[in-house]
Amino acid sequence: MQSTAKNPQEYLDSLPEERKEAMNKLRNSILEQLPKGFEENINYGMLCYCVPFSLYPGGYHCNPEIPLPFLSLASQKNFIALYHMGIYADPKLLDWFVNEYPKHSKLKLDMGKSCIRFKKMDQIPYELLGELFGKISPEKWIEMYEGAFRK
């Protein structure tokens, strides 16, 4: 379900009523907890939190026309998806998250490489996610991203 929204507010306004509260709460947590320097925008039809060109002029290697993505949030057909590239890039961060998740949720973790899926809006572990959002600065993300290309 890729959105055609032009900005974050338009994206949020277009959501079904049953998703608005959870999506707004997740967005607010991201905006509060994400270290300074990331920028909110719309890319790939979802809310994206990227390293702006002012910090990383080269942009994303897959498409240099867009800023370097770090975190994305989307309302999909059957779930809310949170894409966190730091979990994909840092095995220690992934281990921390996987070990902490059962302490914050009774549900089984539904996760792909960088995608965490939430099917039950009333079971989202906001406190844990807020902690996750604050763990990587834009500078650290650039270092990790560039390190992946040196391997």
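Select F38, Y56, F70, W141 and Y145: together they form one aromatic cluster. Rings of Phe, Tyr and Trp (its six-membered ring) pair when their centres lie within 6.5 Å; planes under 30 degrees apart are stacked, over 60 edge-to-face, and the rest tilted. This is a predicted model, where local features need pLDDT of at least 70, side-chain atom pairs count only at pLDDT 80 or more, and totals for chains, interfaces and linings use all residues. Residues are numbered from 1 along each chain as its sequence is written, and side-chain values use heavy atoms, without hydrogens and water.

By the pairing rule there are six aromatic pairs. Zoom in on Y56 and Y145, an edge-to-face pair at 5.9 Å centre to centre, with 85 degrees between the planes. Y56 sits in the loop between β2 (46-51) and β3 (68-75), Y145 in helix α6 (residues 138-150), 89 residues apart. Helices (H or I, at least four residues) and strands (E, at least two) are DSSP runs, numbered from the N terminus.

Next, pick W96 and F97. This pair is tilted, 6.4 Å centre to centre and 50 degrees between the planes.

Finally, colour α4. Its buried residues are L93, W96, F97, E100 and Y101. Buried means under 20% relative accessible area, exposed over 50%, partly exposed in between (1.4 Å probe, protein chains only). Turn to the face away from the buried side: exposed P91, N99 and P102 are there.
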